[in-house]
Amino acid sequence: MLFLTACGGDEEGGDGGDDQSDAGPYRLGLVHSSEGPFATNSATMRAGANYAVDLINADGGVNGRDIELVEVDARNDPQTLVTAIPQLVSEDEIFALLAPVDSAGCEIACAIAAELEVPALSAGAGRPGVLEPSRPWSFTMTAPDASNSIPVLEAIMEQESAGTAAIIVDEANATTQAQGDLYREVFDGSDVEVVSTVTFASGDSSFASQVTSMAAENPDVIALAAGPADAARIAVEIRSQGLESLLIGTGSLQAGGTDYINGAGDAAEGTLTAAQFNPDNPDEPAASLLAQAEEDNDLDAVSLNFAYAFDIVNLIATYLTDSGAAASPDTLEDDRQGLLDFLEDVEAYEGMSGDVTFAEDGTGDRPELYAVVENGQFVISEVGS
Amino acid sequence: MLIQQLVNGLLLGTTFALIALSFNLVVGALDRLNFALGETAMVSAICGALFMSQLDITFVLAFLAALAIGAVVAGITFLLSFRFVSAEYHTAPILSSLGVGLVITSLVTRVVGSDQRRVPSVLEGVRIEIGPLRIVGDQLIILSVAALMTVLLYGFLNRTPWGTAIRGVSDDPDMAGLLGVPVQRVILLTFVISGTLAGASGLLTGLSFHTVSPFTGFETTLTALMVIVLGGLGNITGGVVAALMIGVIETLTVAYLSATYRDLIVFLLVGITLVARPQGLFTRNTGVVGRV
Amino acid sequence: MLKSGRHTLAPEQPAAALVSGTPTLQVRDLRAGYGRITGIDGISLTVSAGELVALLGANGAGKSTFLRAVSGMIKPWSGSVHLRGDDVTGQRSDRLVRAGMAHVPEGRRVLPTLTVEENLRLGAFARRGDGDVDADLDGVIARFEPLRERRNQKAGTLSGGEQQMLAIGRALMARPTILLLDEPSLGLSPRLVGEVFALIRDLASEGLTILLVEQNVKQGLGCADRGYLLSTGSVVMTGSAKELLADPAVVGSYLGARGRDA
C-alpha cells in the first residue's frame, strides 16, 4: 500500500518536480465483459479498479494528474478484443491495460497488447499457460489453479480420508477442462479412485442426467469443474437427488464465490475449495483496506477480483509516482518498459489482497489457503490449521 | 439407472413440450412463428423466481404470476409484431418478433441485472422411490403441472366454443370469420394462451435447472424450433411426442456419450428427419397421431 | 349481344319496388376488386324478405367478388350495403353474421380437422350463449340425415355432397336473416346437383331469404324468384326468373341449344 500511504492527505501539488498537472490524465485501458460465464467476475473486477481510481483521484491523483480508466465491454466476443485493444492503444494512448478476468479473454487480449508492447495485467485468468503467448508483457495477480489448488486439495483429500470421487466437467470451456485435469492429478496423487466422470456443456442443460450417473456410484467426493453459476446448479441438483458427497472446487470457484453461493443456497453449505485470497485477512494493511472497501462499496465481503483489480491500479500508480514517468507520447515506450521492470522486481507489495509478488512466468505468488462454505459464506483458513 | 435416466429425459421433455405447444398454437392460428416466445418464457421465469425469493410468496402464486406475465407479454407481442403487419410480408413478423425478444432481454437485464436467479426448490425433502426409480419434489411438480396444463389445453381446444374457434381459425380463418368467429380476437386469445404456456414452461424449466438466466431466451426458441420441426410444424400432438423424444435423446446422450454430442445428435436427428420426411414425423393435417 | 339485353329489361326493374317495406339486403353501386384489378364495377342489387334471388353469370363475371364484398371478406372500394336498413358496408364477417347474414362460400370450405358436429356448432358461435343451439343442431341433422352417422367424423373425410350439406347446415346454425350461397352445385354429380337445388327450394319455401350465386343459369333461374345477370363486373340484365328465361338474349348467350330445347 505504498502509494496511498505516500500521498495520503498531503498537499501533493506543492512537491514541485513531480507536478505534471498540465499533461492531462494518465490513461489505463480496462476490458470487461457484460456477458459470458465470467460476467460477474468481470463486473467485480471493474468495480475494484474504479474504486481504486476514485480513491487516488480524490487524493489528488498521481504526480498531480488524474488516472482515467478507458473501458471497453467485450461482451465475451473475441472479435471485439481484436479491434478494441489496438484502438485503445493508438487512439486513447493508454499506458497499460487491465486485461479480462476470464482466461480465454485474457489470453487473446494480452497477446494483442504484447504485440503492441503494452503491459497487460489481469485480476483473474487462473488457467495455466494463459500468459505464455504474451510474456514478458503480461502479468496476472492470480496464482494458477494448478500450482495453488493441487497441494491444497491433496491436503483436503487426506484430511477427509476420501476413497472414491466423481468429476463433473464443463466440456465446452478450456478453463474448466483444465480444472478437470487438475482434479485427476489431485485424486491420482492422493489415492482416491475416480469412479465416475460426467460432462456437460455450460448454459442450458438440466443436470439431472449427470447427477443421476454420478449418484449410481455414490462417490465420497464430487469435484466441480464448472463456472460458479453452473457449479451452483449442479450442487442444488446433487442435494435434491439426496446425494451427500463432499463437494470440492478449485480456487476459481471460491473466486466466483458470490455467484456460487447465491445460486446454490443451502446446497452450497460444506463445499470445500482451494483458495488464494482471504477477504478476512487479519494482517495490515490488507485488513484496513478491506474494511474500508467494504464500507465504501457497501459489500458484505470483498471478492478476489475486486481486490486484485484494486491492487493492479495501485501497483501502476506506485510505479508512476516512484518513477515520475510522464507517459507522454514521447516517453510512452520507455515508461511502459519501466513498468515491466518494476513489476518483475516487485517484492511483497502490500495490497488489499495481501502480499503481491510475481513468479518468473508473470503469475501471482499466492498463499495456499482453503475455504469452506459456512452459513452462506466462504470461510478461509490456512491449510493445516 | 437407465430407467432413472429415461425418467429424467421425459421430465426434460415435458418442459420442451410446453414450449413446443406454445409455438405450435401460434403456427396453427397464424401460420407464423412468434420468435419472442423464448424470451417470453424467460421473463416469466425470472419474475416468478424473483417473486419467490424476494417477496417470499409460494410457488403456486409465483407460478400463476408467471402464467399471467407470459400471457400479457405474448398479447403485447401480438399487437406489436403481428396484428398490424400485412399478411403479404411473410418474413416481417419473423423480424419484428425477434426484435421484441431482443427488447425483452435487454429490458430484463436493465431492470433486474444479468445475474442468473435461483429458483427455490418446491416440496423440498419429498422423494418418491419406486424400485430403482426416484422422483424428487421438483420433478413431481414439473411432471404433474406440465401434464395438467397439457390436458387442460387439449380439453380447452376440444371441448369449448372458444377452443373450437381456435382450431377453426387454424383451419381456415376466412371461413371461420364467415361463421361469426371474431378472428382477430381468437388470434389474440391464441397468443395469450401460447404465452401462458411459455410462462409455465419457463418457470418449470427454471425449477428443473434450479436457476433462470436472462440470456436463455433465444436458446429456448431454438430448442422449441427443433421440437416443432421434428414433430411437424403446427401439429400439436406431434410436437408433444417430439419434445419427449428429444428430451430422452438429450438425456441419454449426456449420460452415456458426452455432453458435447448432445446438440450435435439432436441436430443430426432433425436433419435426417427433414431429408427423409420434410413434413416432420407427423404431418400437419393427417399424421399418425393426427392434429388435435 | 349482351348490351342488346339492356334495353329489353332495364337494370332497376320494379320487382323490388313492388315488395313493400325495407329490403333485407340492399346493395348500391358496389365496386370492389383485388389489388388494382377491378372485380365488380358498380353493382346494385336488392333482395326482399322471403325472396330467392339468383345472381348469374359466367366464370369471372364477378359473382364471387360481389359476395365477398357484401359479406366482409374483402373491403368494398365504394358503394353501400344495407342489411335490413342498417348500413353494414365494409363490416367484418363475424359482425355481419351477428347482424343476420350467412355466407356459404364457393367450394364449401368445411373446416377439415373439425368434426361434423364441431363445424355445425361453430356455425352458431355468434349465438353460443343461447340455449337453442342443441335443438338447432338436432334440427339440422334431422334435415341432413346422412350427417347423423358422421357426426363425430372429421369434416375433411366427407364426400363432396356431404360437405355441401354440412356447409349449408352450418350456415343455418347461425339462424340467418339472409343466406348467401356461392355456387352450391359446383363439382357435384348431376344427381346431387338436383338434390341441392331441391334443398334450396325447400329452404326458400320455408321463408328463408336467399341470394344464390350460380354459373348454371338454367338451374339458377329454375328455382329463383328473380335474377340478375352479371358480365365483366356489371349487371347486364335483371328481371323475374320467368322473364329472363323467356328472353331471347338470355337464351342465346347463357342457355345455348339445350336452353332453346327446353
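This is a predicted model: local features need pLDDT of at least 70, side-chain atom pairs count only at pLDDT 80 or more; totals for chains, interfaces and linings use all residues.

Biologist: Why are helices H8(A) and H10(A) called roughly parallel?

Modeller: The axes of H8 (residues 228-240) and H10 (residues 257-264) of chain A cross at roughly 30 degrees and come within 8 Å. Angles under 35 degrees count as roughly parallel, and therefore H8(A) and H10(A) get that name. The crossing of H8(A) past H10(A) is right-handed.

Biologist: Which residues bring H8(A) and H10(A) into contact?

Modeller: On the H8(A) side they are A:Pro228, A:Ala229, A:Ala231, A:Ala232, A:Arg233, A:Ala235 and A:Val236, and they meet A:Asp259, A:Tyr260, A:Gly263 and A:Ala264 in H10(A). Sorted by class, that contact has 8 nonpolar, 1 polar and 2 charged residues.

Biologist: What makes E2(A) and E5(A) edge strands?

Modeller: Chain A has an open sheet of 5 strands, in the order E2-E1-E3-E4-E5, with parallel pairing. E2 (67-73) and E5 (138-140) of chain A each pair on one side only, and that makes them the edge strands. From one strand to the next, the twist averages 20 degrees.

Biologist: How do you know that E4(A) and E5(A) pair?

Modeller: Pairing takes at least two bridges, and E4 (residues 120-122) of chain A has 3 bridges with E5(A), in the parallel sense. A:Ala120, for instance, has A:Ser138 in E5(A) as its bridge partner. Helix H4 (residues 103-115) of chain A packs on this sheet, touching E1, E3, E4 and E5 of chain A, and its direction makes about 170 degrees with that of E3(A).

Biologist: Why is helix H3(C) called mostly covered?

Modeller: A residue is buried if 20 or more other C-beta atoms lie within 10 Å of its own. In H3 (residues 63-70) of chain C, 8 of the 8 residues are buried; among them are C:Phe66, C:Leu67 and even the charged C:Lys63 and C:Arg68. Just after H3(C), C:Gly72 has a positive phi of about 85 degrees.

Biologist: How do you know that chain A and chain C do not touch?

Modeller: Contact needs C-beta atoms within 7 Å, while the nearest C-alpha atoms of chains A and C are 36 Å apart. Two pairs of chains are in contact, and chains A and B share the most contacts.

Biologist: What does chain C put against chain B?

Modeller: Chain C has 23 residues in contact with 18 of chain B. Helices H4 (93-99) and H5 (116-123) of chain C each give two or more residues to that side, which has 10 nonpolar, 5 polar and 8 charged residues.

Conventions:
Residues are numbered from 1 along each chain as its sequence is written. Chains are lettered from A and ligands numbered from 1 in the order in which they are written. Axes are lines fitted to C-alpha atoms, for helices over the stretch in contact, and angles run from 0 to 180 degrees between N-to-C directions. Helices (H or I, at least four residues) and strands (E, at least two) are DSSP runs, numbered from the N terminus. Angles under 35 degrees count as roughly parallel, over 145 as roughly antiparallel, 65 to 115 as roughly perpendicular and the rest as oblique. A crossing is left-handed if the near helix is turned anticlockwise from the far one by less than a right angle, and right-handed if clockwise. A residue is buried if 20 or more other C-beta atoms lie within 10 Å of its own, exposed if 12 or fewer, and partly exposed in between; C-beta atoms are placed from the backbone.
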